[in-house]
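The following exercises concern side-chain arrangements in a single protein model.

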Amino acid sequence: SVTTIGYGTYSPVTFGGRLFTCLYGLIGIAVAGWMLTRSSFALVHLVTAVRNMCRKKRKAKETAELVSMFEMTFAEIDQDGNGEIDREELRQLLTVLNHDAPATEEEINLVLWHADKDGSGTISQEEVIPALVVWYEYIVEKARTEHVDWIQVLAGVAMLGGLICLGAICFKSFESWSWNDSFWFCFVTLSTIGFGDFAPATLKGQIVCILYVFTGLGMLAYLLNVLAVCPAVFARWVGKVRKMRRLKKAHRERSMSV
């Protein structure tokens, strides 16, 4: 009941049983939803932690390269050569480092909060470099949330596909189903459709089914959580394509008028 699958193999027939099922379902579905949400977040953090461990050595090299680039750009922005920059010069610095994308007030305040400890309004190179590393990680993370994280998607697909294969092997072994029936049951269960044409009858099969349902639904919630950004990404892509078409059309019209 709490997984909303409903195979139909068992159902209450008495008034008391039906009343209890209503109350149990309302509470149980809410608790199950909370558990699935927490498990999806846990998987996101797990995959991120594994990825960060793999990138640790490369990140150290990237940080050294970034510091060198920050120092060179700082020297270019600090035209008076006093070794300090003010808020407007910081704005120019961040704009140059972000490939001429205008720096937002949030980004400027972030750097000043980490660098300008004395509140003087000016920051030296020694103060700003560590703050720029923090700023760079901030914009990278911000860009990641606006795009599809394909590493997370591939991890989710791999885990979900592996679980379906493992479930099919277990159900074929415990329930003596065919491969076709086993994979069909695994899909119907994870999609919470629950047609009821197949349901585990043995004790081992039922225990595996309970573990499979909660583990699989957690992985499915994780994958859907990662893919939730896809509609927004697609909408931005369509907007860019339309904008480019309008610009090309306007350019052709100007060329023809000339």
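**Exercise 1: The nonpolar surface patch**

Task: Determine which helix supplies the largest share of the nonpolar patch.

Solution. The largest share of the nonpolar patch, 5 residues, comes from helix 1. Helices are DSSP runs (H or I) of at least four residues, numbered from the N terminus. The model is a predicted one, in which local features need pLDDT of at least 70 and side-chain atom pairs count only at pLDDT 80 or more, whereas totals for chains, interfaces and linings use all residues. Residues are numbered from 1 along each chain as its sequence is written, and side-chain values use heavy atoms, with hydrogens and water left out.

Step 1. List the members. L26, I27, V31, W34, M35, I210 and F214 make a nonpolar surface patch of about 760 Å². Such a patch consists of residues with over 30% relative accessible area and no salt bridge, its nonpolar side chains (Val, Leu, Ile, Met, Phe, Trp, Tyr) being joined within 5 Å. Areas come from the Shrake-Rupley method with a 1.4 Å probe.

Step 2. Assign the helices. Helix 1 and helix 8 each supply at least two residues of the patch.

Step 3. Examine one member. V31 is located in helix 1 and is partly exposed, with a relative accessible area of 41%. The classes are buried (under 20% relative accessible area), exposed (over 50%) and partly exposed (in between).

**Exercise 2: Aromatic pairs**

Task: Classify the ring pair F20 and Y24, then the ring pair F171 and F185.

Solution. Step 1. Apply the criteria. Rings of Phe, Tyr and Trp (its six-membered ring) pair if their centres lie within 6.5 Å; planes under 30 degrees apart count as stacked, over 60 as edge-to-face and the rest as tilted. The whole structure contains 9 aromatic pairs.

Step 1. For F20 and Y24, the ring centres are 5.7 Å apart and the planes are at 20°, so this pair is stacked. Both residues belong to helix 1 (residues 15–54), where they are 4 residues apart, about one turn of the helix. F20 counts as exposed at 55% relative accessibility, while Y24 is partly exposed at 41%.

Step 2. For F171 and F185, the centres are 4.8 Å apart and the planes are at 80°, so this pair is edge-to-face. Because F171 lies in helix 6 (residues 150–175) and F185 in helix 7 (residues 179–190), the pair ties together parts that are 14 residues apart in sequence. F171 and F185 are both buried.

Step 3. Ring pairs join F171, W177, F185, F198 and Y212 into a cluster.

**Exercise 3: The nonpolar cores**

Task: Identify the residues with the most contacts inside the largest nonpolar core.

Solution. Step 1. A nonpolar core is a set of buried Ala, Val, Leu, Ile, Met, Phe, Trp, Tyr and Cys residues joined through side-chain atoms within 4.5 Å. The largest has 24 residues, and F171, F185, C209, Y212 and Y222 have the most contacts inside it.

Step 1. Helix 1, helix 6, helix 7 and helix 8 (203–227) each supply at least two residues of this core; helix 8 gives the most, with 9 residues.

Step 2. Apart from residues up to four places away in sequence, C209 touches Y7, F171, F185 and P200, where contact means heavy atoms within 4.5 Å.

Step 3. A second, separate core of 22 residues includes F74, I77, A115 and L132.

Methods
Buried means under 20% relative accessible area, exposed over 50%, partly exposed in between (1.4 Å probe, protein chains only). Patches are made of residues with over 30% relative accessible area and no salt bridge: like charges are joined within 9 Å, nonpolar side chains (Val, Leu, Ile, Met, Phe, Trp, Tyr) within 5 Å. A salt bridge is a side-chain nitrogen of Lys or Arg within 4 Å of a carboxyl oxygen of Asp or Glu.
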